Amino acid sequence: METQVERNLKPKSAPKSVYRRVASDDGYVELIDFMGKGDLSVVNAARVSFGKQKQKLDKNDHKLIQYLARHKHMSPFRHVQFSFRIHTSEVVCRQLYKHQVGCAFTSGEFREAATIWNEISGRYVQFEPAFHLVANFRPQHESNRQASKHGEKITLQEEAQEIYQRSILDSYSNYKKLLELGVCREQARMVLPVSFMNTLIWTASLEAVVNFIKLRDHANAQQEIRNLALAIKELVLPICPVSVSALLEEG
Ligand SMILES: Cc1cc2nc3c(=O)[nH]c(=O)nc-3n(C[C@H](O)[C@H](O)[C@H](O)COP(=O)(O)OP(=O)(O)OC[C@H]3O[C@@H](n4cnc5c(N)ncnc54)[C@H](O)[C@@H]3O)c2cc1C
């Protein structure tokens, strides 16, 4: 009988996209919470120095935000906080975890970091058979040894798909077999590939989120994390349009 993982791996015209307005990946990011009144919170945090508080943003406030970004007066940008639920491959999660300042994570393994990330733990939960599907296999970049050629495809797509999907099926089947043998979940999960889809909550300040976007919505970044950065940008831009633009342009 066809397993769930085999059904998931059946060829599709393109992986289903649940990233908002991002069509080239199979994860999603959802803004689940935020603290502050967007640009107004940034301005009011800055204007407290003069004992002033605004109820509505005006042109002078736009200039103030641009000034703050240009001169790296960053503390006002830390009063807005966002929480995202992110569903993406472990490969992307590993890159996301590198962003530390103004963000934090808590998980079974990294509790001592005293942070505020939460992720599904493979010690508690048997993994659902969900893996990142690749729509197009890209060739290696010639001069940048870390990068691929964005927008290009290798010729032998079908052969690559066969190897990629077979390897996922084998790993998942071995994971299940280990569980059936009575092996604990925390050890059985070690045979899973880094293409498995993980879900986590990321809470970060506006400054940290824009730092992430700046570094990861970039030609040097891996396309898959670039898609995540673009999706996050779409979520935060309407909340803090002046600050996000100023930090991206001036910061
Ligand atoms: C294209 C790309 C390729 C990468 N390749 C690799 C790789 O091959 N291997 C690898 O390990 N990582 C790699 N990284 C991760 C990279 O080294 C950073 O860890 C990651 O981008 C997080 O950026 P950050 O340091 O700005 O973030 P954060 O750690 O969140 O820091 C935010 C900011 O705080 C300041 N800061 C942080 N720590 C200190 C400190 N100790 N002292 C003073 N100021 C500090 C800096 O201004 C920093 O920009 C790569 C990142 C990118 C974008």
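Trainee: At what angle do helix α2 and helix α3 pack?

Mentor: Bear in mind that this is a predicted model. Helix α2 (residues 39-47) packs on helix α3 (residues 59-70) at an angle of about 75°, and their axes are 10 Å apart. That angle makes α2 roughly perpendicular to α3.

Trainee: Which residues in α2 and α3 meet?

Mentor: From α2, Asp 39, Val 42, Val 43 and Ala 46; from α3, Asp 61, Leu 64, Ile 65 and Leu 68. By class, that contact has six nonpolar and two charged residues, with no polar ones.

Trainee: Switching to α7 and α9, what is the packing angle there?

Mentor: About 50°, with the axes 10 Å apart; α7 covers residues 206-216 and α9 covers residues 241-250. So α7 is oblique to α9.

Trainee: Is the crossing of α7 and α9 left-handed or right-handed?

Mentor: α7 passes α9 in a right-handed crossing. On the α7 side the contact involves Leu 206, Val 210, Ile 213 and Lys 214, which meet Ser 243, Val 244, Leu 247 and Leu 248 of α9. By class, the contact of α7 with α9 has six nonpolar residues, one polar and one charged.

Trainee: OK, now the core. Which residues in the largest nonpolar core touch the most other members?

Mentor: Val 29, Ile 65, Val 209, Leu 228 and Ile 232, out of 37 residues in that core.

Trainee: What does Val 209 touch, leaving out residues up to four places away in sequence?

Mentor: Phe 82, Ala 204, Ile 232 and Val 236. There is also a second, separate core of eight residues, among them Phe 131, Leu 133, Tyr 175 and Phe 196.

Terms used: Residues are numbered from 1 along each chain as its sequence is written. This is a predicted model: local features need pLDDT of at least 70, side-chain atom pairs count only at pLDDT 80 or more; totals for chains, interfaces and linings use all residues. Axes are lines fitted to C-alpha atoms, for helices over the stretch in contact, and angles run from 0 to 180 degrees between N-to-C directions. Helices (H or I, at least four residues) and strands (E, at least two) are DSSP runs, numbered from the N terminus. Angles under 35 degrees count as roughly parallel, over 145 as roughly antiparallel, 65 to 115 as roughly perpendicular and the rest as oblique. A crossing is left-handed if the near helix is turned anticlockwise from the far one by less than a right angle, and right-handed if clockwise. Two residues are in contact if their C-beta atoms, placed from the backbone, lie within 7 Å. Ala, Val, Leu, Ile, Met, Phe, Trp, Tyr, Cys and Pro count as nonpolar, Asp, Glu, Lys and Arg as charged, and the others, Gly among them, as polar. A nonpolar core is a set of buried Ala, Val, Leu, Ile, Met, Phe, Trp, Tyr and Cys residues joined through C-beta atoms within 7 Å. A residue is buried if 20 or more other C-beta atoms lie within 10 Å of its own, exposed if 12 or fewer, and partly exposed in between; C-beta atoms are placed from the backbone.
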